[in-house]
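Dear colleague,

Please find below the structure that I am handing over to you. My findings follow it.

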Amino acid sequence: MLPDGRRRITQKDDADSFIESSISEIREIIGDSSAIVGVSGGVDSTVAAVLVHRAIGNRLHPIMVDHGLLRHREVESVVEPLRELGIDVSVVNAQDRFLSKLSGVTDPELKRKIIGEEFIRVFEDEARKYKDVSFLVQGTIYPDVIESGRQGDEKSGHLVKTHHNVGGLPEDIQFELVEPLRDLYKDEVKIVGECLGVPKDLLFRHAFPGPGLAVRVLGEVTREKLEIVRRAQHVLDQEIKHAGWYDKLWQCFCVLPDVKTVGVRDGSRTYGYMIGIRAVISSDAMTAQWAPIPYDLLDSIATKIIDEVEQVNRVVYDITSKPPATIEWE
Ligand code: XMP
């Protein structure tokens, strides 16, 4: 069921008229003020940023927060294509402040809350550098609203996870939110993005959660564990892309559970980390099927991860769909 009985966006014409009406609505809301937007490289925040940039130009200040929970060369892969679209992103290195706040924290929802709040604090600090910033643009889409139980006026929806861009916002937030995509489904956001000229590499990237690798390092997040999961993820990405599987999957990622297992390498006993591989097929993340990745590809992924990430001695593949599991492990 579409919110407000609106027409579903299935083609360029629908997207063009959505863009046109959004631009006038955004201009009306923001008026002569300015806005900031956090870009993560995700489809939603990218499309929201490009749309609002179309509406208010350089009064939009795009910021990419490097919270230390990003993947290999993630900052460059986001900032460079956006620069080509005329959108100049300021990168804020906030690794120390996020990692120190997360120190000792093991509960997944608390991690999300801390990260969501810290994002806002960084945005507030950044906003002080510009004139008249009263708005924060968010790439919230309709499934986020439903999953965070914020549908309508809170009466419906039941909280599944507090996604940082919805439920994890602190109560004393100093911005008004602008959420131009909040009625859209992911496939609609992609059509809108295409019409706005967003490069395919950004539009067809797998979703990556706002709390990043913090919810893929299960339990306490440490720099060492982040580096392990980051390196394993880089190997996985290369293998999946090389085998032509990337575009068939909704998401494909590594998880580092908080367990060590016994192994053997070069004739000696090892006691190392285990990596979980999660690959799913989905159209909107509300439900997902585990992906039937061929055995020989799984084999080369496992072998390469163990070869290249010395702390890892075991790789397992997750064969659970959603429901009953969620896509992320935390
Ligand atoms: P789950 O794990 O709830 O994930 O089945 C559904 C989709 O949402 C992403 N996800 C998040 N995205 N902040 C985000 O921005 C979060 O806290 C978060 N948790 C899950 C997940 O990667 C999947 O695409």
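The protein chain is divided into domain 1 (12-203) and domain 2 (216-317), with bounds that come from an automatic or database domain assignment. This is a predicted model, in which local features need pLDDT of at least 70 and side-chain atom pairs count only at pLDDT 80 or more, while totals for chains, interfaces and linings use all residues. Residues are numbered from 1 along each chain as its sequence is written, and side-chain values use heavy atoms, with hydrogens and water left out.

The centres of domain 1 and domain 2, taken over C-alpha atoms, are 28 Å apart. Between the domains, 17 residues of domain 1 are in contact with 13 residues of domain 2, where contact means heavy atoms within 4.5 Å. The size of an interface is often given as the accessible area lost when the parts come together. Here the buried area is about 1,300 Å², and carbon and sulfur atoms give 59% of it; this is the accessible area (1.4 Å probe) that two parts lose on being put together, summed over both. The count between domain 1 and domain 2 is 1 salt bridge, that is, a side-chain nitrogen of Lys or Arg within 4 Å of a carboxyl oxygen of Asp or Glu.

Strands (E, at least two residues) and helices (H or I, at least four) are DSSP runs, numbered from the N terminus. Strand β1 (residues 34-38) is largely enclosed by the rest of the structure, because 5 of its 5 residues are buried. Buried means under 20% relative accessible area, exposed over 50%, and partly exposed in between (1.4 Å probe, protein chains only). In a regular strand the side chains alternate between the two faces of the sheet. In β1, S34, I36 and G38 point one way, and A35 and V37 the other way.

Which strands pair with β1? Strand β4 (residues 133-137) runs parallel to β1 and is joined to it by 4 bridges, with I36 opposite L136. Strand β2 (residues 60-66) also pairs with β1 in the parallel sense, over 4 bridges, and V37 stands opposite P62. Pairing requires that DSSP finds at least two bridges between two strands. From β1 the chain crosses through helix α2 (residues 43-56) to β2 in a right-handed β-α-β crossover; with the strands pointing away from the viewer, the path from the first strand over the helix to the second runs clockwise.

Finally, D172 lies in the loop between α6 (142-147) and β5. D172 is partly exposed, because its relative accessibility is 47%.

Yours sincerely
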